[in-house]
Amino acid sequence: MELIVHPWPGPVPTQQDGVVAIYITVAHDMPRAHQRAEIRRAISEVLAALTGKPAASFGIHSLPGHPLKVVVDGHDSDIGCSFSHEDGCSIAAVNLHGAVGIDLMRVYEVFNWQAVARDYLGPEACAALAATPAADSTLAFVLAWTRHEATLKCHGIQLVEWSEDLAVPATVTASTMLPNNLVASLALPLQDQAQ
């Protein structure tokens with residue numbers, strides 16, 4: 001799976017098996033609540049462009065412990081969505097066929113990611129990161145982290161410290177670099193790849 005993230009507003013994004021990802025540029029000092037409102041508005045506009053329905057037909061339904069869902073004309077739908085924010089940018093993914101997760105993170109060279117990886121990504125990911133050349137290790141961590149977060153979001157699992165009991169269903173992930181040193185990762189349930 002290739003992750004293509006379209007700038008929004010812009011031309012109607014091209015679907016890949018019912019999946020669309022967009023990003024919007026926001027003011028660096030925009031409060032998180034306003035960022036959420038902006039990306040929700042953008043999701044509604046994209047869905048309107050894809051379906052021909054008015055943007056006001058779409059809403060985002062969120063319940064703790066469940067993936068976000070799109071409400072159409074006041075009714076639950078099978079459309080899944082996910083979004084993430086970094087300073088100056090918000091990103092969203094929509095899956096017309098079900099659940100989806102997306103995460104966004106800026107590559108920072110000056111933070112101690114090793115402890116975070118140990119606490120949240122588990123021994124297998126830590127071993128892979130330890131085998132990465134030092135010059136590439138921060139980017140490798142950001143890729144591992146965003147894939148992990150996107151996978152959790154896709155399955156409606158809240159971020160928790162890693163344990164052997166943490167069961168995360170099989171997922172297909174893809175990542176890409178965006179402007180301003182940002183990494184985006186998208187996750188879909190494994191069965192969605194068969195559609």
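**Exercise 1. In what order do the 6 strands of the open sheet lie, and what is the sense of their pairing?**

Before starting, note that this is a predicted model in which local features need pLDDT of at least 70 and side-chain atom pairs count only at pLDDT 80 or more, while totals for chains, interfaces and linings use all residues. Residues are numbered from 1 along each chain as its sequence is written, and side-chain values use heavy atoms, with hydrogens and water left out.

Step 1. Helices (H or I, at least four residues) and strands (E, at least two) are DSSP runs numbered from the N terminus, and two strands pair if DSSP finds at least two bridges between them.

Step 2. Read across the open sheet, the 6 strands come in the order 1-2-6-5-4-3, and their pairing is mixed. Strand 1 (5–7) and strand 3 are the edge strands, each pairing on one side only. Direction ignored, neighbouring strands of this sheet are turned by 35° against each other on average.

**Exercise 2. Find which strands helix 1 lies across, and give its angle to strand 5.**

Step 1. Axes are lines fitted to C-alpha atoms, for helices over the stretch in contact (heavy atoms within 4.5 Å), and angles run from 0 to 180 degrees between N-to-C directions.

Step 2. Helix 1 lies across strand 2, strand 3, strand 4, strand 5 and strand 6, and runs at about 135° to strand 5.

**Exercise 3. Describe the salt bridge between arginine 41 and glutamate 38.**

Step 1. Side chains of opposite charge can pair when their charged atoms come close. A salt bridge is counted when a side-chain nitrogen of Lys or Arg is within 4 Å of a carboxyl oxygen of Asp or Glu, and the structure holds 5 of them.

Step 2. The side chains of arginine 41 and glutamate 38 meet at 2.6 Å, N to O. Because the two residues are 3 apart in helix 1 (residues 32–51), about one helical turn separates them.

Step 3. Buried means under 20% relative accessible area, exposed over 50%, and partly exposed in between (1.4 Å probe, protein chains only). Arginine 41 is partly exposed at 37%, and glutamate 38 is also partly exposed, at 28%.

Step 4. A network of salt bridges links Glu38, Arg41 and Glu45.

**Exercise 4. Describe the surroundings of leucine 182.**

Step 1. Leucine 182 belongs to strand 9 (residues 182–189), and its relative accessible area of 2% makes it buried.

Step 2. Beyond its neighbours within four places in sequence, leucine 182 is in contact with residues including Leu104, Met105 and Thr176. Glu86 is another of its contacts, and although leucine 182 and glutamate 86 are 96 residues apart along the chain, their C-alpha atoms are separated by 8.4 Å.
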